[in-house]
Amino acid sequence: IVFRDDNSRLILDECRMNVLSFVDLPELEDPKKVQIRNPIFVESKGEVKMVDEKIFWNRRPDDVLNVYRRLRKNLDSLMFYSLSGKLFVREMRLSRMRSPWYEQPFYWAYDLLALYGESIIRPLIWMLATILGFALLLTLTQGATLQTFLSKYSANLLESTKNFFQVGEYKDFLSLVERLIALPILGTWIIALKRKLERRIK
């Protein structure tokens with residue numbers, strides 16, 4: 001799709017988005033200039049990908065990222081938030097490939113914890129797994145027997161929950177580790193929740 005002047009407009013209605021690329025699109029374009037109605041994207045393992053990224057990524061990575069960025073703005077303006085979120089995830093994963101090696105672990109962790117802020121379920125799963133897991137570790141380090149396991153685990157479950165939510169003072173090294181692990185999980189959950197609420201308000 002080639003835009004030769006600022007007055008160009010395009011409406012795509014129920015198009016299958018197998019390949020789509022923007023060329024010469026003004027940097028300060030109105031995202032509503034290109035209207036996509038009922039879009040159908042190609043998905044692979046739940047991830048939206050544009051086929052032409054395989055062609056252009058090595059030679060023109062900025063153009064590939066701009067395709068995702070502009071499509072995402074357009075879909076946001078039309079309130080297709082689910083598709084917009086999938087494009088944002090792909091954009092971030094491609095950005096991770098271009099980032100310096102020392103930044104990539106942070107991209108990877110953000111993806112793993114909250115799908116770049118697009119999932120509020122992932123942080124909750126990590127939250128539950130961390131609390132249950134550290135309660136189990138605390139119980140095992142206390143030398144619990146089969147007879148005392150349930151009672152000790154129940155007590156440590158409460159202690160683990162307090163540690164995760166930064167309540168009270170930490171009592172040992174495991175409690176400190178859990179509190180540190182909890183910080184990025186809670187942070188990404190708040191970010192994801194904020195993104196979801198902002199979209200609903202719009």
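This is a predicted model: local features need pLDDT of at least 70, side-chain atom pairs count only at pLDDT 80 or more; totals for chains, interfaces and linings use all residues.
Trainee: Hi! Let's start with helices. At what angle do α2 and α3 pack?

Mentor: Helix α2, residues 61–77, and helix α3, residues 81–98, pack at an angle of about 160°. Their axes are 9 Å apart.

Trainee: And what does that make α2 relative to α3?

Mentor: Roughly antiparallel, because angles over 145 degrees count that way.

Trainee: Is the crossing of α2 and α3 left-handed or right-handed?

Mentor: The crossing of α2 and α3 is left-handed.

Trainee: Which residues in α2 and α3 meet?

Mentor: On the α2 side they include Val 64, Leu 65, Tyr 68, Leu 71 and Leu 75, along with charged ones such as Asp 62 and Arg 69. From α3 come, among them, Leu 83, Leu 87, Phe 88, Leu 94 and Ser 95. By class, this contact of α2 with α3 has eleven nonpolar, two polar and seven charged residues.

Trainee: Which residues make up the largest nonpolar core?

Mentor: That core has nine residues: Val 64, Leu 65, Val 67, Tyr 68, Leu 71, Leu 75, Leu 83, Leu 87 and Leu 94. The elements giving two or more residues to it are α2 and α3.

Trainee: Which one gives the most?

Mentor: Helix α2 does, with six residues.

Trainee: Which residues does Ser 95 touch?

Mentor: Leaving out residues up to four places away in sequence, Ser 95 touches Leu 65 and Tyr 107.

Trainee: New topic: how do α5 and α6 pack?

Mentor: Helix α5, residues 121–141, and helix α6, residues 149–164, pack at an angle of about 130°, with their axes 8 Å apart. That makes α5 oblique to α6. The crossing of α5 and α6 is right-handed.

Trainee: Which residues in α5 and α6 meet there?

Mentor: In α5 they include Met 127, Ile 131, Phe 134 and Leu 138, and in α6 they include Phe 149, Tyr 153, Leu 157 and Phe 164. By class, the contact of α5 with α6 has eleven nonpolar, five polar and one charged residues.

Trainee: We skipped α4. Which residues of α4 are buried?

Mentor: Helix α4 covers residues 104–114, and its buried residues are Asp 111, Leu 113 and Ala 114.

Trainee: What happens just after α4?

Mentor: Leu 115 takes a positive phi of about 55° there. Leu 115 is found in the loop between α4 and α5.

Trainee: Okay, and what is the phi of Gln 166?

Mentor: Gln 166 has a positive phi of about 60°, although it is not a glycine.

Trainee: Where is Gln 166, and how exposed is it?

Mentor: Gln 166 is in the loop between α6 and α7, the latter covering 173–201. Gln 166 is partly exposed, with a relative accessible area of 33%.

How values were computed:
Residues are numbered from 1 along each chain as its sequence is written. Side-chain values use heavy atoms; hydrogens and water are left out. Axes are lines fitted to C-alpha atoms, for helices over the stretch in contact, and angles run from 0 to 180 degrees between N-to-C directions. Helices (H or I, at least four residues) and strands (E, at least two) are DSSP runs, numbered from the N terminus. Angles under 35 degrees count as roughly parallel, over 145 as roughly antiparallel, 65 to 115 as roughly perpendicular and the rest as oblique. A crossing is left-handed if the near helix is turned anticlockwise from the far one by less than a right angle, and right-handed if clockwise. Contact means heavy atoms within 4.5 Å. Buried means under 20% relative accessible area, exposed over 50%, partly exposed in between (1.4 Å probe, protein chains only). A nonpolar core is a set of buried Ala, Val, Leu, Ile, Met, Phe, Trp, Tyr and Cys residues joined through side-chain atoms within 4.5 Å.
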